[in-house]
Amino acid sequence: MYSDLKILIDLQRIDQEIAELSSQIETFPSQIQAIEKQLNDFIHAHEQRQQRLNANQKERREMEGEIQLIRQTISKHKDQLYQVKTNEQYRAMLKEIEGEESNIRRIEDSLLEKMIESEELQKQVKEAAGRLDAEKARVAGEKARLEAAAKAATEQRDLSARERQELAGKLDEDILIHYERVRKGRGGLALAEVREGKCMGCNVLLRPQLYYDVRAANGLYECENSARILYSRERFQAPAGADGPQAIVPN
């Protein structure tokens, strides 16, 4: 039974390692997706600014064309001033010219705003264009790193799975079945260490005789409260970092 308990301790260590690796592997696709989204968002924002700049330039050309047409109209009306017959017609023509000149000033004000906006957009577009290649390289490097890490984790998990299969093959079927049942019902932990008379899996005091038997490691004993298989660190070197509950098996 000493050897069975040692195998179970190793089996739990492997199972925890496999679970941790599986959890890591599950996060890699979302991490890669997030990195790709960063690049896509950067490119999309760059394209939007370029579109806004193009629209700005088109609007400015239209405004400049409109101003040119109004000036031509003003010039024509000024020529017509010498052809009017009455003062009333003269004053009406002057008023129309003033309205057209007012329109020019209004359009010129909007044109100035568009020019200021264009300068800022040109600055942003130039800056983003200069960063684009570096951003693509950064994302490609980070993606390659994550893919390599995912591959390494998968290979390690496969290696651990083979090691687990070898360990499980050394146990009697009834012990393995009990281990699996308790592990599934106890959040992946089927064994627990005993310390200071307690099962560290549920923190419940053990009967003195049970505590003695576990420390003697003369058989497989389980906690009467949590059903986890018990072991004593005094007889077994627990896995590194296993200060809390460990996996467990039955009598």
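Two residues are in contact when they have heavy atoms within 4.5 Å of each other. Keep that idea in hand as you go through the views of this predicted model.

**View 1. Ser232 and the residues it touches.** Leaving aside residues up to four places away in sequence, Ser232 touches Val194, Val214 and Arg215. Ser232 itself lies in strand 4. Is Ser232 buried or exposed? With a relative accessibility of 2%, Ser232 counts as buried, because buried means under 20% relative accessible area.

**View 2. Helix 4 and the strands it packs against.** Helix 4 covers residues 208-216, and its buried residues are Leu210, Tyr211, Asp213, Val214 and Ala216. Which strands do these buried residues pack against? They pack against strand 1 (191-195) and strand 4 (229-232).

**View 3. Glu196 in a loop.** Look for Glu196 in the loop between strand 1 and strand 2 (198-199). What is the phi of Glu196? Its value is near 50°, which is positive, and Glu196 is a residue other than glycine. Glu196 is exposed because its relative accessible area is 70%, and exposed means over 50%.

**View 4. Ala227 in another part of the chain.** Ala227 sits in the loop between helix 4 and strand 4. Here too you can find a positive phi in a residue other than glycine, near 70° for Ala227. How accessible is Ala227? Its relative accessibility is 25%, so Ala227 counts as partly exposed. To place Ala227 along the chain, compare it with Ala168: the two are 59 residues apart in sequence, and their C-alpha atoms are separated by 20 Å.

**View 5. The whole chain, for orientation.** Stepping back, you can count 4 helices and 4 strands in the protein chain. Starting at the N terminus, the elements run α-α-α-β-β-β-α-β. The C-alpha atoms fill a box of roughly 130 × 35 × 25 Å along the principal axes. A compact globule of 251 residues would have a radius of gyration near 18 Å, whereas this chain has 40 Å. Of the 251 residues, 35% count as buried. Among contacts between residues at least 6 apart in sequence, 72% join residues at least 24 apart.

View 6. The accessible surface of the protein chain comes to about 15,600 Å², and carbon and sulfur atoms account for 48% of it.

**View 7. Confidence along the chain.** The pLDDT of the protein chain averages 89, and 93% of the residues score at least 70. Over residues 238-251, however, the pLDDT is below 50. How many contacts does this stretch have in the model, beyond near neighbours in sequence? It has 64.

Methods
Residues numbered from 1 in each chain as written. Predicted model: local features only at pLDDT ≥ 70, side-chain atom pairs only at ≥ 80, totals over all residues. Heavy atoms only, no water. Helix = DSSP H or I, 4+ residues; strand = E, 2+ residues; numbered from the N terminus. Rg over C-alpha atoms; globule rule 2.2 N^0.38 Å. Buried < 20%, exposed > 50% of the residue type's maximum accessible area, 1.4 Å probe, protein only. Areas by Shrake-Rupley, 256 points an atom, 1.4 Å probe, with all protein chains shown as cover. pLDDT = per-residue confidence, 0-100.
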